Amino acid sequence: MTILVTGARGNIGSRLVAALAEAGHPVRGSARDATTLRLPAGAEPAELDLTDPGPAAADALRGVDAVFLYPVIGSVDAFLEAAVAAGVRYLVLLSSPSAYEAGEFDRPIGLVHRAVERAVAGSGLKHTVLYPSWLATNAGRDWADQIRASRRVAMAFGDASVTPVHPDDIARVAADLLTRDTHRARMQILTGPRPLRLRDAVATIGDVLGVELPVDDLTRDEALERDQGRMPRPILETLLDVAAASVGQTAPVTNAVERVTGRPAQPFRSWVEAHRADFQPG
Ligand SMILES: NC(=O)c1ccc[n+]([C@@H]2O[C@H](COP(=O)([O-])OP(=O)(O)OC[C@H]3O[C@@H](n4cnc5c(N)ncnc54)[C@H](OP(=O)(O)O)[C@@H]3O)[C@@H](O)[C@H]2O)c1
């Protein structure tokens with residue numbers, strides 16, 4: 001039976017397709033535009049918009065018994081109905097701690113994740129929700145351009161504590177859940193091995209690159225002003241408020257990655273070493 005990985009072009013989805021294909025599992029990876037997919041040998045492509053599945057869903061779901069679902073914005077009800085009709089028996093939903101954390105669950109990011117969680121629960125499908133902590137890939141999203149351009153990072157709340165989790169670890173956990181039922185709990189809270197302040201994460205990148213990367217501290221308003229246009233303002237405001245609330249805290253660590261995969265969660269440094277080129281000019 002085949003596993004359908006939605007978001008197969010995404011950071012986590014692409015790693016999950018690779019992990020499943022490498023282990024020899026029949027896997028199909030979907031994107032809204034299948035021509036954008038670069039799948040490993042053995043993986044089948046499919047075209048699917050989760051919020052507007054139409055007849056394409058039946059093709060994407062043919063012979064599928066387990067699904068990895070991205071927490072997309074919009075209704076996934078029609079997709080889930082098609083999944084039930086196609087005989088899917090289990091689903092892994094990528095979600096976010098924003099769905100339950102104070103200060104987040106009732107703001108835009110939390111509401112999007114909670115809506116998808118509610119839809120999945122309402123579908124009646126057996127499922128596990130993944131709650132990864134701060135993705136190591138955020139470092140590329142938020143800092144790579146600045147580091148390439150100026151070898152400095154300007155940010156607000158550099159003392160905020162996060163526990164960067166490696167996307168490969170999330171993919172490995174998802175691959176395990178999709179292929180055997182040992183750890184199919186209601187949820188798995190996934191973190192990296194240790195908390196770091198945001199400014200320490202920047203220092204780790206500098207250390208790997210062999211350069212000093214000074215951090216220029218911005219106020220909340222300066223960060224809002226600088227980043228407007230990069231993301232919708234309510235999202236930016238939520239992210240800044242979450243960072244502000246984590247200053248002086250110690251972000252939580254779980255052992256879920258090791259418990260599920262049998263391998264310790266990888267440190268942030270491992271992700272940086274593998275993505276060194278993203279931070280180098282040219
Ligand atoms: N940033 C964090 O610290 C953090 C923490 C916890 C959880 N998360 C969760 O992790 C997610 C990011 O994961 P990532 O980095 O792997 O994401 P990513 O690389 O941005 O990929 C997102 C994927 O979602 C797919 N997608 C979006 N809308 C879709 C739709 N309507 N139908 C089908 N597919 C759709 C895209 O597929 P196409 O190829 O069709 O574009 C893309 O492959 C966040 O959105 C959040 O939910 C993030």
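## Basis of the description

Residues are numbered from 1 along each chain as its sequence is written, and side-chain values use heavy atoms, with hydrogens and water left out. Because the model is predicted, local features need pLDDT of at least 70 and side-chain atom pairs count only at pLDDT 80 or more, whereas totals for chains, interfaces and linings use all residues.

Helices (H or I, at least four residues) and strands (E, at least two) are DSSP runs numbered from the N terminus.

## Annotated domain

An unreviewed UniProt entry carries the annotation "domain: NAD(P)-binding" for residues 7-180; its positions are given in the numbering used here, feature names are shortened, and annotations may be inferred rather than shown by experiment. Over residues 7-180 the chain is 40% helix and 19% strand, and the end C-alpha atoms are 21 Å apart.

Seven strands form an open sheet with parallel pairing, in the order 3-2-1-4-5-6-9. Its edge strands are strand 3 (44-47) and strand 9, each of which pairs on one side only; two strands pair if DSSP finds at least two bridges between them. On average, neighbouring strands of this sheet are turned by 20° against each other, direction ignored. Helix 1 (residues 11-22) packs on the sheet, where it touches strand 1, strand 2, strand 4 (64-69) and strand 5 (90-94). The direction of helix 1 makes about 165° with that of strand 1; axes are lines fitted to C-alpha atoms, for helices over the stretch in contact, and angles run from 0 to 180 degrees between N-to-C directions.

Strand 1 (residues 2-5) runs parallel to strand 2 (residues 27-31), joined to it by three bridges, and V5 stands opposite G29 in strand 2. Strand 1 is also joined to strand 4 by four bridges, again in parallel, with L4 opposite V67 in strand 4. From strand 1, T2 and L4 point one way and I3 and V5 the other, and all are buried (under 20% relative accessible area; exposed is over 50% and partly exposed in between, with a 1.4 Å probe and protein chains only).

Strand 6 (residues 126-132) pairs with strand 9 in the parallel sense over four bridges, and L130 stands opposite Q188 in strand 9. Strand 9 (residues 187-190) has a covered face formed by Q188 and L190, while M187 and I189 make up the uncovered one.

Helix 6 (residues 167-179) has 13 residues, and its end C-alpha atoms are 18 Å apart, in agreement with the 18 Å it should span at 1.5 Å a residue; the expected span is 1.5 Å times one less than the number of residues. Helix 6 is largely enclosed by the rest of the structure, because 10 of its 13 residues are buried. Among them are P167, D169, I170, A171 and V173.

H166 lies in the loop between strand 8 and helix 6 and is buried, with a relative accessible area of 4%. A polar atom of the H166 side chain lies 3.0 Å from the backbone nitrogen of D168. Not counting residues up to four places away in sequence, H166 touches R15, A136, Q266, S270 and W271, contact meaning heavy atoms within 4.5 Å.

## Helix 7

Helix 7 (residues 198-209) has 12 residues and reaches 17 Å from its first C-alpha to its last, close to the expected 16 Å. Its buried residues are L198, A201, V202, T204, I205, G206, V208 and L209. The elements against which these buried residues pack include helix 5 (138-150), strand 7 (153-156), strand 11 (215-218) and helix 11 (268-274). Helix 7 is followed by G210, whose phi is positive, near 75°.

R107 lies in the loop between strand 5 and helix 4 (108-123) and is partly exposed, with a relative accessible area of 23%. Leaving aside neighbours within four places in sequence, R107 is in contact with E237, T238 and D241. R107 and T238 are 131 residues apart along the chain, yet their C-alpha atoms are separated by 7.1 Å.

The side chain of R107 makes a polar contact with the side chain of D241 (3.0 Å). Such a contact is a pair of N or O atoms within 3.5 Å; within protein, one must be able to donate a hydrogen and the other to accept it, and residues adjacent in sequence count only if both atoms are side-chain atoms.
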